[in-house]
Amino acid sequence: MADEREDERPDERAGAGDTLPEISAEEMAARQARLAQLDLLRRVQRARSGTPEERLELAFDATDDVLNALLDNEATGEEELTIIARRRDVSHEVLRRMAGDRRVQESHRLRRLLVLNPKLPASAGLRLIPNLFLFDLVTVLITPALPLEIKTAAENAILQQYQSLPLGQKITLARRGNGGRLLPQMLNDASADVVRAVLNNPFLTESTVSTAVWKASHQHVVILIADTARWANRNYVKMALLRNRMLPLGRAVTLVGTLTPGQLKELSNDPTVPVQVRNLVLQQMKKKPGGAA
């Protein structure tokens with residue numbers, strides 16, 4: 001995987017060089033209509049040997065013959081290739097060919113744009129994933145419509161380097177990442193700062209948090225979840241916390257006071273509940289209507 005310096009700002013690095021303005025569907029249609037007025041053979045000839053201005057205009061062409069002619073032309077540069085890579089109306093085969101092109105493989109911008117294009121065949125995208133930067137991979141995870149194989153490969157690439165990441169990158173990743181295996185990994189991090197950041201991640205689910213409580217290796221994981229109202233008030237999370245022996249008694253007192261009679265009864269009959277917590281539960285059952293021991 002390409003190196004990524006710790007002092008670089010991830011958001012800038014992930015999209016570095018991708019500064020061309022978006023082309024609206026209306027403008028794209030107008031450009032293609034103008035191009036279609038020219039004979040196809042003439043357009044192909046211009047694509048193979050035309051001026052930079054002509055090549056730039058032909059990058060919007062609707063036909064594979066013209067786009068393939070542009071790719072055949074060694075003079076075709078990154079600006080024209082960027083236009084093609086960003087288009088969602090280009091054929092799978094043109095994008096597949098681009099993915100294997102030397103100019104694409106040598107350009108971070110083009111590799112990134114191609115992988116983020118949902119029209120790129122997954123088999124071609126998989127070859128580009130190992131050469132993306134960390135936060136390009138995060139962008140892959142949160143981009144809709146990309147193939148599952150691409151997202152899985154991106155998640156694997158992140159997990160492979162996760163333990164060696166600097167703390168600052170871990171915290172940024174905790175705020176932005178998603179994925180079925182990535183979030184649980186970050187929720188059990190040895191750094192409380194990382195866990196605190198991931199608890200505010202918009203992709204986090206109650207199921208992931210409750211599972212993290214069960215599998216926690218560090219007490220700060222349990223404490224931070226118990227102190228985060230967004231999660232501690234969720235039923236499955238609350239019940240998992242009260243069964244965890246790393247939960248401080250003071251926080252257990254607060255949680256037990258929010259339990260329903262049914263939850264109190266469930267915990268009172270559960271031998272996995274720590275003795276001190278079970279005693280709190282029995283005391284609470286005597287106080288709550290319908291919850292008498």
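**Terms and their grounds**

Trainee: Why is Val277 called buried?

Mentor: In this predicted model, Val277 has a relative accessible area of 4%. Buried means under 20%, so Val277 with its 4% is buried.

Trainee: Where is Val277 placed, and which residues does Val277 touch, not counting residues up to four places away in sequence?

Mentor: Val277 lies in helix α22, residues 275-287. With residues up to four places away in sequence not counted, Val277 touches Leu242 and Ala252. A contact requires heavy atoms within 4.5 Å. As for Val253, 24 residues from Val277 along the chain, the two C-alpha atoms are separated by 7.9 Å.

Trainee: What makes the contact between helix α19 and helix α21?

Mentor: Helix α19 (residues 235-243) packs against helix α21 (residues 261-268) at an angle of about 30 degrees, and their axes are 11 Å apart. The crossing is right-handed. On the α19 side the contact is made by Asn235, Met239, Leu242 and Arg243, and on the α21 side by Gln263, Glu266 and Leu267.

Trainee: How do the residues of the contact of α19 with α21 divide?

Mentor: They divide into 3 nonpolar, 2 polar and 2 charged. Met and Leu count as nonpolar, and Glu and Arg as charged.

Trainee: Which residues of helix α13 are buried, and what covers them?

Mentor: In α13, residues 167-176, the buried residues are Gln169, Lys170, Ile171, Leu173 and Ala174. Their cover includes α11 (134-142), α12 (148-162), α14 (182-187) and α15 (192-198).

Terms used
Residues numbered from 1 in each chain as written. Predicted model: local features only at pLDDT ≥ 70, side-chain atom pairs only at ≥ 80, totals over all residues. Heavy atoms only, no water. Buried < 20%, exposed > 50% of the residue type's maximum accessible area, 1.4 Å probe, protein only. Helix = DSSP H or I, 4+ residues; strand = E, 2+ residues; numbered from the N terminus. Axes fitted to C-alpha atoms, helices over the stretch in contact; angles between N-to-C directions. Left-handed = near helix turned anticlockwise from the far one by under 90°.
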